[in-house]
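The sequence and model are shown first.

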Amino acid sequence: MNYNSFMDNFHQADTMTILIAEWTDMASHEPGLGVQIDNLPSMGGSMVSKTSNSIIAAWGEDETRLDDPERAIRFALMLRQAITKVFPGSPLPIQIGISTGPKEECIERSRRLLQTIPDGGIVLSQDTHQLVEGIFTVRPHAQLPLPGSNNPVPIYLLVNPKPLALRLFQHGIEGVVTRLIGREIEMKQVRDAFESTMEDRKAQLVLVLGEPGVGKSRLLLEVERWRDLLTEGTWVFRGRANPEMVDQPYALLRDLFRFRFQIQENDSGDAAFEKLSRGVEQFLGPGHLEDTFLYARLLGLPCPSCPPTPEAVNAAQFEQRALRSLAAFFRAVAAKRTDSMLALYIEDAQWADDKSLDALSWFVEENSQTRILILVFARPEILDRRSRWGNDLKSHTRIELRLLSNRDARRLVKEILQKVPVVPDELRDWIADRSGGNPLYIEELVKTLISNQVILKQASGSPWQIDLSRLSQVRVPENLIELLQNRLYTLPATQRTILQRASVIGRVFWENAIAELQFADSVTISIPNSLAGLVKRDIIFRRDSSAFANIQEYGFINNLMHEATYNSIPKAVLRRYHACAAEWFVAISGERLNTLASTIAYHYEKAQQGEKAVTFLAIAAADARRLNAYIQAKEFLQRAVKYAANQAGKSTPSRSTLQFRLGEIMILIGEYANAEIVLNDSLQNVLETGDEAAAADVLSRLGWSGYYRGNYAQAREWLEKAVSLARKVNNTPALLLALRQLGNVVMAESDSENARNYYEESLRLANSLNDAENTSSALNNLGVLNMQTRDFSEARRYLEEALALSSARDDQLGAAFALENLGITAHMTGDYVSADRYHQQVIEMSHVLGSNLLIAEAQIWLVLNEIACGNLQKAWQALRGALQFNLKNKQQGLAFGALVAYSRLAFVKGKTRHAVALLSLALAQPDLDDLLKNVFIPPYLAELQSLFSGDEFESAVSEGQTMDVNSVLDTMLQISLEEF
């Protein structure tokens, strides 16, 4: 039965829910049982008959309600609980049967159910079960013969209510429940994935692709129904993306947790964090508050009690720690019971943010030997943005839902028209041919034929009739969107207006938001009545839970109906609607402003009120940067800069401030030329206003960019100006950054003396301010400087001091950098045992910190260690592993560093000419790691040169410069040490 048409059908067919309970004489003397029976009216039921050993109760006798079957079952559980208190053992002396259907059949069916019930059991008819799927755990029990039919129907034994109820119901036509048609192969593929995940303990990612209307949601519904009856337990996290999410880092992951732990958008900060804490504790047990803090920060959930993030923890470090903790959390969920697994259901993933998509595939890789299945549904357009998403995983399945074949389309027509005794071939073929094999189109065509009275519904469950004489008068639109829009225009004007308001909010919307939008059209409408009418027409549906507490949530029946409705709104009205929607989200956001900021900005932009969008775009950008989502932060800031005026209000960032933030982001993602354009514009604006402190900030970032571009002369000019201005206005952060970057610039120009002066000044300044973070950075700079000038004893002194300071303040990242540089120092002084120990420590720490850069660097130096110790086979294996890691994690400079180790191997094996050629190839790569280039290579290069005459050496160098670097790297991954 169609859940949304439930009320209509009850009235049409005199349908109700009947409960019959019988118990023994011994149980009849239990006072608690009588107390519960007296509670029947409070549960919405009425007494039909009562004896000392039985009752018959009814729901829907006067007025049918959508939740009548659920109320009847909960009343049955109360009766059984009353008996359990007196008879705690098993079996219990009570049996209960519940049936839903036409009045005249229902009582008799419930009586027949009693004949199949075990002692203490509660058995549900098929109709009752269909209306409460997802709310209660049930098990198939038996087959109940029907009078006058050779086809028995299944009945179900109730187990218990589900702790997280998710009602499963099928959107269909006029109360018709249809079988899944034409998707048998795809259903088997998904079931096989579930079973192999469970049996083989193998994490998997299954991506189901399909155009709108081909049945992605229906396939998921069938999967849930099938899973709902399994004996094995499945912990389900469910999320759905929407168009506003695509630029919100980790928005999809946040939706998964919000669903599972019932966190609502307008919960207070304390209430939201308490729900998250309880949810995490359910799976990890007590004592995991620090993990909960990480999840809250990463997902943008409220965290009033979160301690401040240590200054030493940067965005990348925090992000990797949080993701690794989340991976461990999902492992714990999957292993909660010996017979359980974890399933993540993702819908509309074409609108998911990149951070969430990356995290999902990484979770599968990280938890490869875990019972985790990630089932993702998306339109094919996801491949336009992420063409290879999931392909690198060993356990990845891609399923494509194609249009139905002509045969299956005809089967589906007959299935939908099952209330028609004999479907004429002419009508069947007419529908199937015009649908093009799209299941949703078939459903909408049937609805069109009902509205045009080609298909005639009958009351009281009588068979439907067909009038083919009207078929020629039916005009069929050329596409599905037009068909849906035609249906929209047949609605009463009030319902159409409500639906249009709702479409502006999104596919999911809220009753209060619709009321707010009345200020845009000045139309007074009874919103509850209009929504109820739209539910009855199977255009929208009520959702059991809501993102906002105490506000009823609804959803469009499908994305295409939402899109068709939205596109039907006149542009002038649409702008006013979006403005009102933005104001509603602002008013309701409360403590969740950061997570709703991009949504608010989107609505203001659609309303063409860009000046109001600026503030929220800036908030969204700051939140994205906090999560290391630099691409999203850049996009938010670019939009903000477009709208911002040079002079902003007190609460709105100025254009120059936004440009400064945008320039920083561009530096972080390597867009140096674009960063300098934006920063130069910002510099001009702040100089015009006389803000010298801001000018120092901008100049220090320009110098930072110039250094990374290798434009040392220009970088020096910017940085010297930054130092001068920063000193003048006492802008310490800008001064510290400028001094360090000046040190880097002059060091790159081989001016080690001035580099030392800049580093030492930054060290003195940081010490005077008790700035431990910058003190540690300056010590590390000085350590590297002394390595490059071959003063390894002094380098060790600075680095050990940096290590001690970082360790004392629990700056794990700073400590890892110091350890790595100490390992290089040890290698260069021949202490390979210490070097090995340092690098292994770095790798262990960096896996926790999530620093791929340090892992990549340590791996290359470990290879050089093994070569120095004569362990060539071990070195070769480690080299290939390091190269694979570096290429996979886009550590290009250290991937080229593998060429240096490759050259050293060739040298040790006596292939000196090849060694020179490989080293020449490495030196020709602009991204080659600086420490390899400036510390390891100079003495090695001198050693090579000493073995050749001038012309022979230059010839080998020239040979290396003609090699193709990618071909050499590919060869390294394919050959063995013996072949080399």
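## Basis

A cavity is a set of points, on a 1 Å grid over the protein atoms alone, where a 1.4 Å probe fits but cannot get out; lining residues have an atom within 4 Å of a point. Grid points are joined across faces, edges and corners, and a volume is the space filled by probe spheres set on the points.

The model is predicted: local features need pLDDT of at least 70, side-chain atom pairs count only at pLDDT 80 or more, and totals for chains, interfaces and linings use all residues. Residues are numbered from 1 along each chain as its sequence is written, and side-chain values use heavy atoms, with hydrogens and water left out.

## Cavities

The whole structure holds 2 cavities of 30 Å³ or more. Two or more lining residues come from each of α25 (593–606) and α26 (610–626); helices here are DSSP runs (H or I, at least four residues) numbered from the N terminus. With 4 residues, α25 contributes the most.

The lining has 7 nonpolar, 5 polar and 2 charged residues. Nonpolar covers Ala, Val, Leu, Ile, Met, Phe, Trp, Tyr, Cys and Pro; charged covers Asp, Glu, Lys and Arg; the others, Gly among them, are polar.

## Helix α33

Helix α33 (residues 752–768) has 17 residues and should span 24 Å at 1.5 Å a residue, which agrees with the 24 Å between its end C-alpha atoms. The expected span is 1.5 Å times one less than the number of residues. Just after α33, N770 has a positive phi of about 55 degrees.

Buried residues (under 20% relative accessible area, 1.4 Å probe, protein chains only) in α33 are A755, Y758, Y759, E761, S762, L763, L765 and A766. Their cover includes α31 (712–729), α32 (732–748) and α34 (772–788), where contact means heavy atoms within 4.5 Å.

Terms used. 1 Å grid on protein atoms, 1.4 Å probe; cavity = no way out; pocket = protein on both sides within 12 Å on 5 of 7 lines; lining within 4 Å. Buried < 20%, exposed > 50% of the residue type's maximum accessible area, 1.4 Å probe, protein only.
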